[in-house]
Every structure is written in C-alpha cells, then in structure tokens.
Amino acid sequence: MAKRDYYEILEIDRNATEADIKKAYRKMALKYHPDRNPGDKAAEDKFKEAAEAYEVLSDPDKRARYDRYGHEGLGGGASGFGGGMSMDDIFSQFGDIFGGAFGFGGRSTGRRVNKGSNLRIRVKLSLQEIATGVEKKVKVNKYVACNSCHGTGAKHGSSYSTCSTCRGSGHVTRVTSTFLGQMQTTSTCPTCGGEGRIITQKCDDCQGNGVVRDEEVINIRIPAGVAEGMQLSLSGKGNMGARGGIPGDLIVQIEEEKHPELERDGNNLIHNLFISIPEAALGASVEVPTVDGRARVKIAPGTQPGKVLRLKGKGLPSLNDRTTGDLLININVWIPTELSKEERRIMEQLQSSDNFKPNPTAAEKSFFGRMKDLFG
C-alpha cells in the first residue's frame, strides 16, 4: 500500500515551521498513544505513522529530500518507524515531546535506548546506471556491535546493577518551589545517561561501549531516474548505538559521472552533433550516442545549423512516474579553418552560385524590415 503524505498525516501545510511540526506531532501522538488506546491496533499504526512523519519533517535534510522527491527520495521509506522499529524505539527518540503526560519520557517503564549516528557516503553513477537503476556494493567503515559482549558493553559473566540515582527509571525528577507554587521537572539521569543501569565490569574489547570499529559490505539499491545531489536513506545501516542501542541511517549522496558525448537536462539528454557542409546540403545518415549504445539518424538535405532533432523516449526515466525524457540532437555545421587549393577552388565556385547565397524567407525579411523601421 502506498505511503500517505507526511504533511497530511500531521495535518499541516508544506510551509509549516519547526515549531508547527513539533506541535502537530505531539497532538497526533497523544491522540493515538497506546496508553490511551489499549489494544487498539489501528491507533498503534497511526501512532507509528505519525512518528515516521515527524522523524522526516523534523530533520531539515530529510525534509528537503522529501519535498523534492517524495518517498522515493528517502530510499523507499524514512527510518523504519512504520514497521521496523518498536514502540520503545519511538519513545527513546521522541519521548521528550510527550513531557510528563504518560510518565517519564512518554512511558512509565521505558529506559533510554542509544541510537547510533548517521553515516554519509557518495556513490558515482554513469548515465546508463541512472537510466536503468542499479545495485551497488559498498564497503563502509563504521561502528558495529562488539562480538565479545554482543553489544552489551559488559564483560562476559558480568552483570548490571540498577542505577541508584534514578532507581532504574533512567530519569530524575526535581521539584522546585517558585512564587507560582511547586514546579516539577523531569530530565535524563546524569549518572547512567538514561539507561537505568550501570555495568559492574566493562568488556575489555570495547571498554564498555558495546561497539567497535569494523567494515561492512552493504548492498544499495538505487532506483532509475535519480539525479546529481539527490540523497537516499538506508534505515539501520549507520553506526550501531552504544550498549545494545539501535543503529543510525546510511545517507547515500548521488554523483553523476560526466558522459563524454551527452549532457543531461532534467530527464532529457542533449548531444551536440557536428556535420560537414556537404552533409548539411546533401543530407546524410549519421550515428549518435545514446545511454545504451548508438542510434542512426537521418539528416535531411538542406538542414540548417541550429536545427534540433528529437529522439522520443531516448532520455532518462522520471523518478516519480513512468515518463521518459527524449534525446535532443543539436545540429552544428563544421566549417574547416584551412582549405587546400582544390577545396578553395570548389568553394569559390560555390560562392558565385546564386543557390549558395543567403536567401532569407519572407518571414525573415518582414522581421528585418520591422527592425529597420524601429532602429533606422
């Protein structure tokens, strides 16, 4: 089923400010919060859907890609909130938005889950790869879960102790007296960093972080029709979060390799074709490059410089629909800079011929006549 528009989900317009987006998400999240809708699967789906919309629209980079390319610009999705992440993942990332409405960070029993940072890489594509779509294998150096402790950060045989500061909640509450009365504030526990527990003995290999540096080969599926500067997001392929956390995303920026004979203009391709004076006068059949090989085109007798030939459907596909651009061939007539004696003799004979003298059309004469009347 096609994804709904993120702005529609949060019931905001496309010019919404950061504050508008946050306010709209809080409204939707509170409306469909599982504590208010126990056992309601439809409400849970809408809760996750709102979280996915907020995750994209609250991030300036992701919002810009979404506004320009739609869901395809996010690599087929956002960060996986719609199905790949649990409710605890959502609360760990956006729990502060709920304030104290449902206990600490949005849930009474949730502790903080560390999320790894995003990674960015560049991938170069040829026009042919852009035309057909492609799968690329890339080797990425990043943080992965430590094998020795399986990402927990604790030494084998060691255990965790409940944080004495927050008593396992991951948050601390302070009550302050003001002239308006007592005010209660909740914040992340400074002792355990919101995890609610402390490692009794750290892993020797990762020093308690739960992550180590390593390389991973990642398959990237790039759809046809992408463009220079576009970014795709691969959910969960970034750095692993510390101590059993969740991974960040891998942001893939597209770069186009320059084609030796073709230029891109949106979904259209442009080729500057040079033909000789005889070919322009007599007509010819010539080869032109395409993204997948060569094609033969017919040059009609008397073709003028600047004429554009169009090969329908020989351009690049659109990313968002099924249309395909065209190949535009700009005709240029090559004038030699040096002539042999025989060539000069032939050209002088042609020069004296009335047929080789400029012969403006009636429309051109009318145009130049008007210009003369205007400017004298």
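The following conversation goes through a predicted model of one protein chain, from its overall make-up to single residues.

Student: What does the secondary structure of the chain come to?

Tutor: This is a predicted model, and its chain has nine helices and 15 strands.

Student: How many residues are in the chain, and what share of them count as buried?

Tutor: The chain has 376 residues, and 38% of them count as buried.

Student: Among contacts with a separation of 6 or more, what share comes from residues 24 or more positions apart?

Tutor: Such residues account for 64% of those contacts.

Student: Let us turn to the helices. At what angle do α2 and α3 pack?

Tutor: Helix α2, residues 18-31, packs against α3 at an angle of about 170°, and their axes are 9 Å apart. Angles over 145 degrees count as roughly antiparallel, so α2 is roughly antiparallel to α3.

Student: Which residues make that contact?

Tutor: On the α2 side they are Ile21, Lys22, Tyr25, Met28 and Ala29, and on the α3 side Phe47, Ala50, Ala51, Tyr54 and Leu57. By class, nine of the residues in this contact of α2 with α3 are nonpolar, none is polar and one is charged.

Student: And how do the axes of α3 and α4 cross?

Tutor: The axes of α3 (residues 41-57) and α4 (residues 60-69) cross at roughly 100° and come within 6 Å. That makes α3 roughly perpendicular to α4. Glu55, Val56 and Leu57 of α3 meet Lys62, Arg63 and Tyr66 of α4. The contact of α3 with α4 holds three nonpolar, no polar and three charged residues.

Student: What about the nonpolar cores? How many residues has the largest one?

Tutor: The largest nonpolar core has 42 residues, and Ile220, Ile222 and Ile329 have the most contacts inside it. A second, separate core has 22 residues, including Ala24, Phe47, Ala51 and Val56.

Student: How many bridges join β8 to β9?

Tutor: Four bridges join β8 to β9 (residues 250-256), and the two strands run antiparallel. In β9, Val252 is the bridge partner of Leu232, and Leu250 is that of Leu234.

Student: What is the order of strands in the sheet with β8?

Tutor: The sheet is open and has three strands in the order β1-β9-β8, with mixed pairing. Strands β1 (119-125) and β8 stand at the edges with a single partner strand each, so one side of each has no neighbour in the sheet. On average, neighbouring strands here are turned by 30° against each other, direction ignored.

Student: What order does the open sheet of four strands have?

Tutor: Its order is β10-β11-β15-β14, and the pairing is mixed. At its edges stand β10 (263-265) and β14 (308-311), each with a single partner strand, so one side of each is left without a neighbour in the sheet. Three bridges join β10 to β11 (residues 268-275), and these strands run antiparallel. Asp265 has Asn268 as its bridge partner in β11.

Student: Now some single residues. Where does Tyr143 lie?

Tutor: Tyr143 lies in strand β2, residues 134-145. Its relative accessibility is 33%, so Tyr143 counts as partly exposed.

Student: Which residues does Tyr143 touch, not counting those up to four places away in sequence?

Tutor: Tyr143 touches Val211, Val212, Arg213, Gly238, Asn239 and Met240. Tyr143 and Asn239 are 96 residues apart along the chain, yet their C-alpha atoms are separated by 4.8 Å.

Student: And Ser169, is that residue buried or exposed?

Tutor: Ser169 counts as buried, because its relative accessibility is 17% and the cut-off for buried is under 20%. Ser169 lies in the loop between β3 (160-162) and β4 (171-178). From C-alpha to C-alpha, Ser169 is 7.7 Å from Glu195, which is 26 residues away in sequence.

Definitions and conventions:
Residues numbered from 1 in each chain as written. Predicted model: local features only at pLDDT ≥ 70, side-chain atom pairs only at ≥ 80, totals over all residues. Heavy atoms only, no water. Axes fitted to C-alpha atoms, helices over the stretch in contact; angles between N-to-C directions. Parallel < 35°, antiparallel > 145°, perpendicular 65-115°, else oblique. Contact = heavy atoms within 4.5 Å. Nonpolar A, V, L, I, M, F, W, Y, C, P; charged D, E, K, R; others polar. Core = buried A, V, L, I, M, F, W, Y, C linked by side-chain atoms within 4.5 Å. Buried < 20%, exposed > 50% of the residue type's maximum accessible area, 1.4 Å probe, protein only. Pairing = 2+ DSSP bridges.
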